[in-house]
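Here is a short briefing to read alongside the structure below. Have the viewer open and follow along topic by topic.

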Amino acid sequence: KKLPTYIIKNQSYISLKSLLEAINPESWGKIEDRVFLIYNGTEIKFRIGTDIVKVDKRTFILNYPPKEIEGEILIPLNDFSSIISAISENKKEKEKEEIKKSERKKSYIILIDPGHGGKDTGAIGNFGLKEKDVNLDVSLRLANYLHRNLEKYPCIKIFLTRNRDIFLTLEQRVQMAKDLNANMFFCVHTNSSRYNRNRASGFETYYPRSKEEVESLPEVTNNEGILQDEEIEDTALAGILQDLNTTNTIEESKILAEFVQENLAERLLTPDRGARQRNFYVLRYTPMVSILVEIGFICNPNIELNLRDAEVRQAIAESLGNAIIEYLKSRKIIEE
């Protein structure tokens, strides 16, 4: 709609009344020489005779100040057209962002984290099998299994921190989970022992003892690449989110860990060492449901031999996948 304009000294003005009719603000008012209105949730304030306009917390300088002639308030057309357009565009961007947030909420993102990689081999068996390779192979099989069995649920998104033999710091893994806004962080490891290496056996799953959010992630300096409980407790950090400890995040992690143990127990003949609490770095600093599973002791020659077998790795991956699927069903994320 074309607005009636007034030409004053070769400049175009429109009346405040015409502007209000055109944009239909939520509210407006005038107190002496001050005018204010709210348009698309944004407050606009200006004074007659001055060239400053306040738009929420931003300040705009007009080329020409508003005027009042014979009781009619006139405002510079081009300046106010730019301001109104900027507010409308900002609203569109906010609406797009809200839509994106809504879409993200509809998705359930699972991030699978194959432990170690690249220069960090992890544990090495007596006959040379490297933990990093076992972790990656099982994780890739797990991702494929989930893709096949959850294909009718496009809301479930599966990602891996690595899909090849590369080195990632623990900080990078945690940051990836946060950047993806993941709902589940599922870390795959292979165990080792300093004592009774040839007889150590069993599988276990860890869930966090506490959760912590910090502005910058602490650096990991120990050789194992996993920050242990006592080391974390001694780190001077701020910003513990108490609500994370009092909400369901840790309890949900425990439930997932128990599903993992139950499903591995159905396929593996090694001892069930249970679901346990431990403040591993990747469990403490990921704000979502998170677990770390140790699928077997690579230091045990018999277990190392089994872990070399592709069929054993596939069975482990399927057991982990079934645990995740059972968890999703129990939380009503997918249908029974």
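Serine 18 touches Leu3 and Pro4, leaving aside residues up to four places away in sequence. This serine sits in helix H1, in what is a predicted model.

- Is serine 18 buried or exposed? Its relative accessibility is 11%, and because buried means under 20%, serine 18 counts as buried.
- The side chain of serine 18 also has a polar partner: a contact of 2.9 Å joins it to the side chain of serine 15.
- Helix H1 covers residues 16-23, and its buried residues are Leu16, Ser18, Leu19, Leu20 and Ile23.
- After H1 comes asparagine 24, with a positive phi near 50°.

- Four strands form an open sheet in the order E1-E2-E9-E8, and their pairing is antiparallel.
- Strand E1 (5-8) and strand E8 (67-69) are the edge strands, each pairing on one side only.
- On average, neighbouring strands of this sheet are turned by 40° against each other, with direction ignored.
- H1 packs on the sheet and touches E2 and E9; the direction of H1 makes about 70° with that of E2.
- Strand E2 (residues 11-15) and strand E9 (residues 72-76) run antiparallel and are joined by three bridges.
- Within that pairing, isoleucine 14 stands opposite isoleucine 75 in E9.

**Two nonpolar cores**

- As background, nonpolar side chains in soluble globular proteins tend to be buried together.
- How many residues does the largest nonpolar core have? There are 44, and the residues with the most contacts inside this core are Ile110, Ile156, Phe186, Val293, Leu320, Tyr327 and Leu328.
- Helix H10 supplies the largest share of this core, eight residues.
- A second, separate core has 21 residues, including Ile14, Val35, Tyr39 and Ile48.
- Leucine 320 touches Val138, Leu142, Phe186, Val188, Val260, Leu264, Val293 and Ile295, again leaving aside residues up to four places away in sequence.

**Helix H10 from end to end**

- Which residue caps the N-terminal end of H10? Aspartate 309 does, with a side-chain oxygen 2.8 Å from the backbone nitrogen of glutamate 311.
- H10 is followed by lysine 332, whose phi is positive, near 65°.

**Strand E15 and its neighbours**

- Strand E15 (residues 289-297) is mostly covered, with nine of its nine residues buried.
- Strand E12 (residues 184-191) runs parallel to E15, and seven bridges join the two.
- Phenylalanine 185 stands opposite serine 290 in E15.
- Strand E13 (residues 203-207) runs antiparallel to E15, and three bridges join this pair.
- Tyrosine 206 has leucine 292 as its bridge partner in E15.
- In general, strands of a sheet pair through backbone hydrogen bonds, either parallel or antiparallel.

- Serine 210 lies in the loop between E13 and helix H5 (229-233).
- With a relative accessible area of 14%, serine 210 is buried.
- Which side chain makes a polar contact with the side chain of serine 210? That of asparagine 279 does, at 3.1 Å.
- Asparagine 279 is found in another loop, between strand E14 (272-277) and helix H8 (281-284).
- A relative accessible area of 0% makes asparagine 279 a buried residue.
- The side chain of asparagine 279 also reaches the backbone nitrogen of arginine 209, at 3.1 Å.
- Serine 210 and threonine 249 are 39 residues apart in sequence, and their C-alpha atoms are 9.2 Å apart in space.

Terms used:
Residues numbered from 1 in each chain as written. Predicted model: local features only at pLDDT ≥ 70, side-chain atom pairs only at ≥ 80, totals over all residues. Heavy atoms only, no water. Buried < 20%, exposed > 50% of the residue type's maximum accessible area, 1.4 Å probe, protein only. Pairing = 2+ DSSP bridges. Axes fitted to C-alpha atoms, helices over the stretch in contact; angles between N-to-C directions. Contact = heavy atoms within 4.5 Å. Polar contact = N/O pair within 3.5 Å; in protein donor to acceptor, adjacent residues only side chain to side chain. Core = buried A, V, L, I, M, F, W, Y, C linked by side-chain atoms within 4.5 Å.
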